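Dear colleague,

Please find below the structure that I am handing over to you. My notes on what was found in it follow directly after.

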Amino acid sequence: MMHYETDLNTNTKLCLKCECLNSADALTCKQCGYKVYLRRPYSIALTLNYIVAALLFLIPANLLPMMIITSVGVAEGSTIMEGIRYFINYGEASIGVIIFLASIVIPIYKISVLLFLISIAHFKWNYLAVFGLKLYRTIRFIGKWSLLDIFVVAIMVGMVQFQTLANVQAGGASFAFSLVVILTMLATESFDPRLMFDKERRKR
Amino acid sequence: MIYKSACKECGVIVEYEKNDLNHNYYCPRCRSVVYAPGERFLYIIIMALAALVSYIPTLFLPVLTLDMAGRLQASTLLDIVFTFYHDGNFIIGVLLFFTGILAPLLMLGMLLFMLIPLHFGKSLSGTHHVYHTYSILRHWAMAEVYMISILVAVIKLENIGILDIDAGFFIFIFFLICFYIAVLWFNPDDIWHNDALRN
């Protein structure tokens, strides 16, 4: 493996805001004045925290109804999976697949990738770091798209307000699921990918 | 002039030409973009202004009209948000309002606030605070998710009544295109070393 000069072995600190190199003992950036850290503080602990919280909220998100449709007096709730099955049964399989990807595959993919990245950083599997970074870029890119289902529910609630004739209300899962998405996005942002490349474990 | 920096994603020390308008610079180890030249400030300002102008009608023109057994309901983007306040589900309402409506508007305002003084050769003292907020908001502006979800909702509502897509939706798409072109053209490096880009 090639040897690279990094900020660790040249005694510098990178400001993540303005990409300016500071000396290793600097506390604030000389260019923009923000706090500089060698690596993001408590990165792995914070990421794990957000992942555990997201996993907890994933359970009600899949069991509670996403939205409650009242049509001529009859209320009917439907969970995420039932909504997907509805689309596939009524000939709109492509939309069903999109919602399945956005609301079931992507959250699970994000959480498992983050756990994999944390183990790369913790067990110092440096040979996997470049591959891990590629995975990290994918989850950073697709993160926001899992909010798609929440937005669809929101638009339906906003559109269908005909008092007794037909009415759509947001169910408990929509709240739990939006928390899952926000927590996984926070987890992605608090993970510092440079930790995967570091050769030695540093003391705090 | 050679500028020394480090890769944000893997920490390798990289060197690049300051204000090089023709080349992208990549990290030798992880191949992430270290420096990509931004477009001229004037072009970004024009795009941001176009987005801002098309943004105002999207808020007040109806996006969709639903005709159900003779009863019409036209909804603007703001109407959709405000039904949540009446329902009591206001956390989702706030999320929707912030990510779909407020964050893009704030980002546009900040872009103009940063770039208009720089275009005329002045630099305001608060620029780095504004950029700090802007870089956080970039992750939370989800107007394009909002747009796609309108399309999904159209298909979902087809069985309930007759649906019309109104002018607001097309202006919204126009806004999105202008907004993302402005965001993509803007390169934050140019704020810090902008001497060559002023003209």
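The contact between the two chains takes 46 residues from chain B and 49 residues from chain A, where two residues are in contact if their C-beta atoms, placed from the backbone, lie within 7 Å. On the side of chain B that touches chain A, H5(B) gives the most, with 10 residues. Helices (H or I, at least four residues) and strands (E, at least two) are DSSP runs, numbered from the N terminus. By class, this side of chain B has 26 nonpolar, 11 polar and 9 charged residues. Ala, Val, Leu, Ile, Met, Phe, Trp, Tyr, Cys and Pro count as nonpolar, Asp, Glu, Lys and Arg as charged, and the others, Gly among them, as polar.

This is a predicted model, in which local features need pLDDT of at least 70 and side-chain atom pairs count only at pLDDT 80 or more, while totals for chains, interfaces and linings use all residues. Residues are numbered from 1 along each chain as its sequence is written, and chains are lettered from A and ligands numbered from 1 in the order in which they are written.

Within chain A, the axes of helix H2 (residues 80-89) and helix H3 (residues 93-123) come within 7 Å and cross at roughly 160°; axes are lines fitted to C-alpha atoms, for helices over the stretch in contact, and angles run from 0 to 180 degrees between N-to-C directions. H2(A) is therefore roughly antiparallel to H3(A) (an angle over 145 degrees). Their contact has 9 nonpolar, 3 polar and no charged residues.

Yours sincerely

Terms used: Parallel < 35°, antiparallel > 145°, perpendicular 65-115°, else oblique.
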